[in-house]
Amino acid sequence: MVETNNLNESAREEKKTTISLSPTISSMATRGDESTADPSAAEVIFDVEKLDAFYGDFKALSNVSLQVYKSQVTAFIGPSGCGKSTFLRCFNRMNDLIEGARVEGTIKYRGADLYDEEVDPVEVRRRIGMVFQKPNPFPKSIFENVAYGPRLSGLKKSKLAETVEKSLRRSALWDEVKDRLSASAYGLSGGQQQRLCIARAIAVQPDVVLMDEPCSALDPIATARIEELITELKSEYTIVIVTHNMQQAARMSDQTAFFSVALDSHGSRTGELVEFDKTETIFTNPNDSRTEAYITGRVG
Ligand SMILES: Nc1ncnc2c1ncn2[C@@H]1O[C@H](COP(=O)(O)OP(=O)(O)OP(=O)(O)O)[C@@H](O)[C@H]1O
Ligand SMILES: [Mg+2]
């Protein structure tokens, strides 16, 4: 469901006064209607065309084109080093922070060129949040971890507690922490810390949440909890997730992109998109023999 309650509306109002939005991105980034079950009819949130990603002279990814659809989970799978994290970071311009990193080709976010020089990368990262492999709470209280982003965006102090509670409820952590909000986030278990990081990411009302192997440091129970949470969150957020866990990709995602590594003419290892399709097709009837070999565990 698209969130339209007073809390979000007022938070949005607050933000307008403190963030100078890029005209292109802000006009594009209003959530539209619900998606339909048919991905081909769903709204395109990201449209990637012929993307190459470089670190200095090294080409990490070559010629990637795909679409990410609204309110769906899109999974990136493939062997280590094929460029999944590099690609994921292109979606919120996190690679900009890495010296020597650059992209060629285009990524359109809701129709606007994400790499246009008018676009403010800080605002991009607010709208397109990220959750990392290792839970990385700030050395602050549970409350402050979630309140940090909304406060920075200028949310009124009187609204903070409400926003924190709502975010913790949505990330299925509230009941476990409501009596210890002022305790350090470091006192939480790994799975709880990861749900806190998800709460922190959604507290600023992003449009998209990117997740890079969010369960790989967690035990099976905590993993199941996060998977359940992601499935619930997808009605409100568009989610892109990198995972090494085939079952996880098959269980949770609507679309799957399989990446691999190819040797170029200079013997350099470059990541490429082998196949992108509905998850069901990738796992039951892949088009490319490399995909089949990977998902059946014969290579990778
Ligand atoms: N900051 C960087 N500087 C230089 N090269 C990098 C940097 N980050 C990644 N690379 C290189 O880019 C390629 C893709 O790396 P990336 O981390 O995107 O792969 P990955 O598919 O996420 O792998 P994994 O599954 O192990 O996380 C690799 O060859 C890697 O060594
Ligand atoms: Mg990675």
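**The shell around ligand 1**

A: Three elements each supply at least two residues of the shell around ligand 1: β2 (58-69), α3 (84-90) and β10 (269-278). Bear in mind that this is a predicted model. α3 gives the most to that shell, with 3 residues. There are 13 residues around ligand 1, and the ones that come nearest are Y55, S80, K84, S85 and T86. Sorted by class, the shell comes out as 6 polar, 5 nonpolar and 2 charged residues.

Now for the helix pair. Two packed helices are described by the angle between their axes and the distance between the axes. For α8 (residues 190-202) and α9 (residues 220-233), the axes come within 9 Å and cross at roughly 20 degrees. Angles under 35 degrees count as roughly parallel, and α8 and α9 are therefore roughly parallel to each other. The handedness of the α8 and α9 crossing is right-handed.

A224 has 15 other C-beta atoms within 10 Å, so it is partly exposed; a buried residue would need 20 or more.

Staying with helices, have a look at α6 (residues 157-170). α6 has 14 residues and reaches 21 Å from its first C-alpha to its last, close to the 20 Å expected at 1.5 Å a residue. Its buried residues are T163, V164, K166, S167, L168 and R170. When you check which way side chains face, remember that an α-helix has 3.6 residues a turn, so residues three or four places apart point the same way. Just after α6, A172 takes a positive phi of about 55 degrees.

That backbone detail leads on to a couple of loops. R110 sits in the loop between β4 (101-109) and β5 (112-113), and its phi is near 50 degrees, a positive value in a residue other than glycine. R110 counts as buried because it has 22 C-beta neighbours inside 10 Å. Then there's Q205, found in the loop between α8 and β7 (208-212). Q205 is another non-glycine residue with a positive phi, near 55 degrees. With 22 other C-beta atoms within 10 Å, Q205 is buried.

Key: Residues are numbered from 1 along each chain as its sequence is written. Chains are lettered from A and ligands numbered from 1 in the order in which they are written. This is a predicted model: local features need pLDDT of at least 70, side-chain atom pairs count only at pLDDT 80 or more; totals for chains, interfaces and linings use all residues. Helices (H or I, at least four residues) and strands (E, at least two) are DSSP runs, numbered from the N terminus. The expected span of a helix is 1.5 Å times one less than its number of residues. A residue is buried if 20 or more other C-beta atoms lie within 10 Å of its own, exposed if 12 or fewer, and partly exposed in between; C-beta atoms are placed from the backbone. A residue is near a molecule or strand if its C-beta atom, placed from the backbone, lies within 6 Å of it. Ala, Val, Leu, Ile, Met, Phe, Trp, Tyr, Cys and Pro count as nonpolar, Asp, Glu, Lys and Arg as charged, and the others, Gly among them, as polar. Axes are lines fitted to C-alpha atoms, for helices over the stretch in contact, and angles run from 0 to 180 degrees between N-to-C directions. Angles under 35 degrees count as roughly parallel, over 145 as roughly antiparallel, 65 to 115 as roughly perpendicular and the rest as oblique. A crossing is left-handed if the near helix is turned anticlockwise from the far one by less than a right angle, and right-handed if clockwise.
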